[in-house]
Structures are given as C-alpha cells and as structure tokens.
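Open the structure in your viewer and keep the selection tool at hand. The stops below say what to select next and what is there.

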Protein chains: 2
Amino acid sequence: MTFFSSAAAFEAALADLGGPDATAIAQARERQSALTKPAGSLGRLEDIAIFFAGWHGDARPRIDKARAAIFAGNHGFTVHGVSAFPPSVTAQMVANFEAGGAAINALSAASDLVLKVVALDLDRPTADFTTAAAMSATDCLDALNAGAGAVEDDLDLLVVGEMGIGNSTAAAALCARSFGGSAADWVGPGTGVDTEGIARKIGVIERALEIHGHAARSAFETLRRVGGREIAAIAGATLRARQLGVPVVLDGFISGAAIAPLAADNPAITDHCIAGHCSAEPGHVRLLASLGLTPLLSLGMRLGEGSGAAVAAGVIRAALTAHDRMATFAEAEVSASL
Amino acid sequence: MTFFSSAAAFEAALADLGGPDATAIAQARERQSALTKPAGSLGRLEDIAIFFAGWHGDARPRIDKARAAIFAGNHGFTVHGVSAFPPSVTAQMVANFEAGGAAINALSAASDLVLKVVALDLDRPTADFTTAAAMSATDCLDALNAGAGAVEDDLDLLVVGEMGIGNSTAAAALCARSFGGSAADWVGPGTGVDTEGIARKIGVIERALEIHGHAARSAFETLRRVGGREIAAIAGATLRARQLGVPVVLDGFISGAAIAPLAADNPAITDHCIAGHCSAEPGHVRLLASLGLTPLLSLGMRLGEGSGAAVAAGVIRAALTAHDRMATFAEAEVSASL
C-alpha cells in the first residue's frame with residue numbers, strides 16, 4: 001500500500017502533525033492525583049500513563065495490541081570495513097528472527113509484543129554513499145511505505161527496531177547532517193569495532209557528508225542519500241504511527257537516527273515517541289538531547305533489533321496497569337493527607 | 001517459626017554468609033558469549049542472568065516462583081509531625097493492599113509476583129526513638145523472624161518493600177548510624193513534607209542519634225534502637241533469603257536503609273541483592289553508593305511498597321528470558337564475526 005506517494009507527500013505529512021487529546025490528558029492527570037499514593041510518587045510511570053492517555057484519547061489507556069516492527073536492510077558502504085560482522089549476517093539474523101532465536105524474540109515474548117520482521121531487499125544493498133546517494137527516490141519511497149505498512153491502525157503501542165550490518169555508520173551520518181557536529185562527534189564502536197575501525201567509520205562518514213553536502217537538507221533527501229532501507233522504514237513507520245495516534249517506542253542509536261532528519265524539519269515528530277533506553281553507543285546521549293527525549297531505561301544495551309525498546313515496553317505496561325487498576329483515596333477509604 | 005533465636009544468633013548468621021556458585025557463573029558467562037549478539041551487547045541484562053545463575057546454581061536460571069513481601073509497621077516518633085500523612089494511613093493502606101487497590105498490587109500483577117503483606121502490630125507502634133529504643137530485644141527479634149518467615153525456600157526471586165507512615169525518618173537515622181554523615185545528609189521529603197517538615201525530621205533524627213550514640217554499633221542494636229518492625233522484617237527477610245540462595249530485589253530508600261546496619265557489619269550482605277531502582281528520595285543515591293549497589297532503574301519513583309523493585313522484577317524476567325531462550329551462533333548458523 002502507498003501511504004506516501006512522493007517525496008513532497010511525505011514532507012507534507014511531516015509538516016502536518018496532529019497532537020494528543022488534551023481532554024484525555026487532563027482526565028488522566030486528575031485520576032493520577034486521586035490514586036492511593038503520594039502525589040507524583042510513581043514518577044515516570046505517571047508521565048507514561050498520561051502520555052498514553054493523550055495519544056489514545058482515553059483517560060484510562062490500555063495496551064491490548066502491541067507490535068514490535070523490526071526492519072532489516074543492507075548497506076553498500078560496508079565494503080569499507082566499518083563493522084565487526086560481515087554483511088551476510090543481516091540475512092542470517094533475519095532467519096534467526098524468523099526461527100525465534102534472537103534477543104528480540106525473547107524480549108518481545110517477555111513484554112507480550114507481536115513481532116513483525118520486514119526484510120527489505122537484502123540481496124540488493126544500498127549504493128555506497130561515499131560515491132552516490134544510498135537510494136533512488138523510488139527506493140527511498142518504497143522503504144518509507146514498507147515501514148508505514150507495518151503499522152496497523154488498531155495498535156496501542158509500536159516498538160521500532162532494526163538489523164543492518166554497518167548501520168551505525170549510516171546513523172552517525174544522518175545525525176551529523178540533521179543536527180550538525182563532526183563525524184567524530186557521532187561515531188562509536190557499534191557492534192564492537194576497534195580504534196582503527198572507528199577511524200575507518202569516521203573517514204566514510206566524512207566523505208559521505210562532503211559529497212552530499214550540496215544537496216537539499218530536507219528529511220527525504222537526507223534519508224535517501226545517507227540513510228538506508230531499514231532506516232527509512234523506521235521513519236515511515238514512525239510518521240504513519242503519528243497519523244494513527246499510535247505511541248512509538250524508539251530503540252537505540254539507529255532508530256533515533258532514523259527520526260533525526262524528520263526532527264530537523266519538524267521537532268514535533270518526537271511528541272508521540274518514547275525513547276525506550278539510552279544505549280551504550282556514545283552518540284546516543286547527544287542524539288537523545290537533540291531529539292528532546294529522556295530515555296526510560298539505561299541498561300548499557302547496544303544490540304539494536306528493538307531490544308531496548310522491547311524491555312521498555314514492559315515498564316510501559318506496568319505504568320498503564322498501575323494507572324488503570326489502582327484504587328482512588330475515596331474508593332479505598334484512605335486519608336489523603338494530614 | 002524462629003529463624004534467629006537471639007541477637008547473637010542473628011549476628012552469627014550475618015557473619016557467616018555463603019557465596020554464589022562459581023561453576024554456574026562460569027557456565028552462564030560462556031553461554032552469554034555464544035548467544036547470537038555482539039559480545040556484551042545486552043549490557044545489564046547479561047549481568048543479571050549471570051547473577052541469577054550464581055545464586056540459583058543453574059547456568060540457565062528461571063523465575064518460576066517470585067514473591068513480593070511487603071512489611072508494614074507504625075512508628076512512635078510520628079508524634080513529632082514528620083510525615084505528610086497521619087499514622088492511621090499505614091493500616092488503611094494495608095487494607096488497600098488486601099483489597100487489591102494499591103500500586104504494589106498492580107505492579108506485582110504486571111511482573112507476575114505473588115504478593116504477601118505482613119502487618120506487624122500496627123496497633124502497637126514502636127516507642128518514640130527520640131527518648132527510648134524503638135523496640136525491645138524481643139520485639140526486634142520477632143520482627144526479624146516475621147521477615148525471615150516470609151521467605152519460602154523454593155522462591156526464585158524476592159522483592160522486599162514496606163509501608164509505614166514516617167519511616168523515611170527512621171531510614172535516615174539507620175543510614176547515619178550505619179555509614180556516618182549528619183541527619184541532614186540523609187533526610188528528604190519522604191511522601192512529601194515541606195521545608196519545615198524536613199527541619200522537624202532533622203531534629204528528630206539528631207535527637208535519636210544523640211541518645212543512642214553510646215550504644216553498641218551492631219546491626220541488631222541499630223535496628224532495635226532506630227529502626228522499626230517493618231524495617232527489621234526486611235533485614236530478616238534479606239538475611240534469610242541469603243541463607244536460602246534466593247536473590248533479593250531491594251526497593252527504595254527504606255528497604256536499602258533496612259540493610260544498612262547489616263552492611264556496616266558485613267558488606268557482603270548485598271552480594272545477593274539487586275537495587276531495583278534509584279528513588280527520588282535524595283538520600284538514596286548516597287545509600288546505594290554506601291551499599292555498593294548500582295540501581296537497575298531510575299524512574300523518579302518514591303512510593304515505597306516495593307513498587308520500584310516490582311517494576312525492576314519485570315526487567316529481570318526479560319533478562320532471564322533472553323538468556324534462556326536465545327539461540328547460539330552455532331544453533332542459528334550465524335557468522336560470529338569477520
């Protein structure tokens with residue numbers, strides 16, 4: 001299905017973002033203040049319940065249908081030796097997802113998420129973005145629409161994640177083009193490259209920033225030139241989720257970087273997003289600050305696959321359960337204060 | 001049942017702590033390195049799996065039976081106006097726990113914990129510790145044994161928590177006596193007292209530290225003099241859990257403070273403990289550092305009742321699910337590295 005028919009249609013959708021339901025937010029705040037606990041004592045759990053109330057348009061939001069959508073793609077620039085793993089691992093890990101053996105399978109099960117894996121032309125890597133745009137406009141639109149197509153309109157929560165050997169290099173390039181800073185500011189070890197590998201990553205990112213430096217700074221052009229299919233799919237899924245009022249839990253550095261070009265054009269794109277965690281990838285702290293997001297968890301994770309967001313989804317479930325099930329002071333006949 | 005027949009028996013048990021199973025730890029580490037992910041990329045989730053392997057003596061530990069034990073007690077010093085709530089709220093909240101309406105009910109359900117609420121002589125508050133020891137030796141032993149009795153020997157995980165109007169004042173006194181520092185270093189707003197309330201709390205703690213300053217600095221004497229029944233029960237439960245090899249998830253400032261006198265005598269008491277979260281109560285950061293614990297979550301919670309630890313238990317379940325269910329590189333036929 002086509003959700004975004006052209007680059008212009010995608011950018012028009014990005015410019016026209018709806019907001020949450022203010023009435024449901026007010027009702028949820030009132031409910032929180034009536035529940036049997038000192039005001040504010042559930043901290044972020046209260047914020048999460050109020051956030052979901054706003055996006056669901058329901059003062060007592062529930063998570064009945066929760067999806068983890070994991071997008072996979074391959075990258076032409078991996079010929080430059082920027083990853084600790086060969087590109088063939090992307091397809092091998094997709095097979096592992098389908099067989100149920102990866103971290104995201106276990107963590108989706110633990111948080112009761114229905115997993116959907118979308119492999120995007122793995123046998124057709126993007127072009128090497130040090131010499132050309134990663135994708136044609138058509139390929140980029142196809143990836144945006146593949147992402148949008150993974151978002152059913154009855155979802156209560158969407159976790160987004162990715163698999164793509166080399167994609168922390170693309171993520172760093174996206175961040176630098178979207179928010180400024182040097183390649184070195186955004187680069188890190190990814191799955192575990194050494195100092196020389198990081199130097200190679202910096203070189204690749206610097207060349208990409210230079211050869212695409214003349215291009216328009218729109219979200220679409222940035223995604224097309226220095227992104228990748230799985231990255232554009234996350235961007236498309238996140239924008240589509242916004243149109244449907246579905247809260248999105250972002251995973252780590254890559255999924256945040258997929259939103260970076262959108263946030264550079266319209267910072268309100270993160271309003272329906274929760275940063276599931278802060279990863280161990282060094283650029284993620286800076287990226288979260290640029291996106292205006294405070295991560296829910298900080299567990300030193302750096303796996304991708306949506307794994308950190310899936311763990312966060314369990315905390316989100318707990319927050320909504322407390323909001324929905326707790327008794328009020330009046331119901332429980334508890335004295336509210338001295 | 002009597003687990004600790006005397007103060008001396010309690011302190012002998014504290015001096016004689018067993019350790020985890022080194023073989024199971026080594027096997028769990030080996031398994032983590034073989035699972036389909038970059039080495040170390042699950043961060044704390046890997047540490048948690050290895051920790052449980054050690055205490056369960058099982059390279060692939062599982063959580064089948066998990067308990068949240070919440071202890072409630074009342075405090076004589078509340079006559080000095082140290083809480084935003086009247087002492088009658090302790091019993092009202094115990095009734096709320098029993099009716100299923102409190103935060104810990106919802107959060108236990110979300111993390112699949114079986115909740116046990118132990119109310120300790122609520123109609124008989126401890127003595128005002130600004131003028132006398134909070135408890136007689138018999139009362140303190142009874143509370144320690146009540147805590148120990150809440151720990152079945154087939155538990156895979158124990159969450160400890162508390163309810164006791166005023167007990168953040170007792171907690172601050174326990175911390176100061178155990179680890180040094182002034183009353184002001186350890187005091188905070190608790191459930192939400194204002195600046196004047198905090199000043200009253202400091203005065204109460206300073207008087208308590210002064211009148212009990214001459215007493216022996218043993219764990220038992222500190223618990224007896226400036227603790228409370230629910231606090232001693234947490235100490236007894238934690239020590240009993242250690243004897244049984246049951247990992248304990250500590251909640252916030254109060255449950256950590258219950259362990260402080262034990263840790264001052266034998267720092268190894270925290271080896272089987274996970275700090276579920278860092279609460280918003282200001283003294284908790286200092287307390288966690290003194291206990292040598294790094295909190296799993298930091299969500300701005302400050303409710304007590306075991307609520308933060310219950311949320312953490314969900315993350316712990318996710319960690320063990322990943323450790324148990326993931327495929328190895330060999331099983332999934334994924335290339336381990338370049």
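Begin in chain B with B:Asn74, whose side chain reaches the backbone oxygen of B:Leu122 at 2.9 Å. Bear in mind throughout that the model is predicted.

**Stop 1: around B:Asn74**

Is B:Asn74 buried or exposed? With a relative accessible area of 7%, B:Asn74 is buried, because anything under 20% counts as buried.

**Stop 2: two backbone angles**

Select B:Asp121, in the loop between β2 (114-119) and α6 (137-149) of chain B. Its phi is near 45°, a positive value in a residue other than glycine. For background, most residues other than glycine have a negative phi. B:Asp121 counts as partly exposed, at 37% relative accessibility.

Go on to B:Glu333, in the segment after α15 (329-332) of chain B. Here too phi is positive in a residue other than glycine, with a value near 55°. B:Glu333 counts as exposed, at 66% relative accessibility.

**Stop 3: a salt bridge in chain B**

Select B:Asp271 and B:Arg242. The two form a salt bridge, and their closest N and O atoms are 3.9 Å apart. This pair links distant parts of the chain: B:Asp271 is in the loop between α12 (253-265) and β5 (273-275) of chain B, while B:Arg242 is in helix α11 (residues 229-244), 29 residues apart. Which side of the pair is buried? B:Arg242 counts as buried at 6% relative accessibility, whereas B:Asp271 is partly exposed at 42%.

Then turn to chain A and select A:Asp121, A:Arg124, A:Asp139 and A:Arg229, which salt bridges with shared partners join into one network.

**Stop 4**

Over all chains, the structure holds 30 salt bridges. One of them is in view when you select A:Arg317 and A:Asp112, whose closest N and O atoms are 3.9 Å apart. A:Arg317 lies in helix α14 of chain A and A:Asp112 in the loop between α5 and β2 (114-119), so the pair ties together parts that are 205 residues apart in sequence. A:Asp112 is exposed, with a relative accessible area of 51%.

Next select A:Asp185 and A:Arg286, whose side chains meet in a salt bridge at 3.6 Å, N to O. A:Asp185 belongs to helix α8 (residues 183-186) and A:Arg286 to helix α13 (residues 283-291) of chain A, so that distant parts of the chain, 101 residues apart, are linked. A:Asp185 is partly exposed at 34% relative accessible area, and A:Arg286 is partly exposed at 39%.

**Stop 5: a residue inside chain A**

Select A:Ser108 in helix α5 of chain A. A:Ser108 is buried, with a relative accessible area of 2%. Show what A:Ser108 touches, not counting residues up to four places away in sequence: A:Ala68, A:Leu113, A:Leu115 and A:Ala310.

**Stop 6: where the chains meet**

Zoom out and colour chain A and chain B separately. How are the two placed? A rotation of 180° with 0.0 Å of shift along its axis superposes chain A on chain B, with an RMSD of 0.0 Å. That is the relation of a two-fold axis.

Now select the contact, which takes 51 residues from chain A and 51 residues from chain B. Of the interface residues of chain A, 100% are also interface residues in chain B, so the copies meet through the same surface. The chains bury about 4,000 Å² between them, 69% of it on carbon and sulfur atoms. How many salt bridges are there between chain A and chain B? The count is 0. Polar contacts are found across the interface, in 14 residue pairs.

To see what supplies the chain A side, select α3 (44-56), α4 (88-99), α5 (103-110), α14 (307-325) and α15 (329-332), each of which gives at least two residues. The largest share, 6 residues, comes from α14(A). By class, this side has 31 nonpolar, 14 polar and 6 charged residues.

Definitions and conventions. Residues numbered from 1 in each chain as written. Chains lettered and ligands numbered in written order. Predicted model: local features only at pLDDT ≥ 70, side-chain atom pairs only at ≥ 80, totals over all residues. Heavy atoms only, no water. Helix = DSSP H or I, 4+ residues; strand = E, 2+ residues; numbered from the N terminus. Buried < 20%, exposed > 50% of the residue type's maximum accessible area, 1.4 Å probe, protein only. Least-squares fit on C-alpha atoms with pLDDT ≥ 70 in both. Contact = heavy atoms within 4.5 Å. Buried area = accessible area lost by both parts, 1.4 Å probe. Salt bridge = Lys/Arg side-chain N within 4 Å of Asp/Glu carboxyl O. Polar contact = N/O pair within 3.5 Å; in protein donor to acceptor, adjacent residues only side chain to side chain. Nonpolar A, V, L, I, M, F, W, Y, C, P; charged D, E, K, R; others polar.
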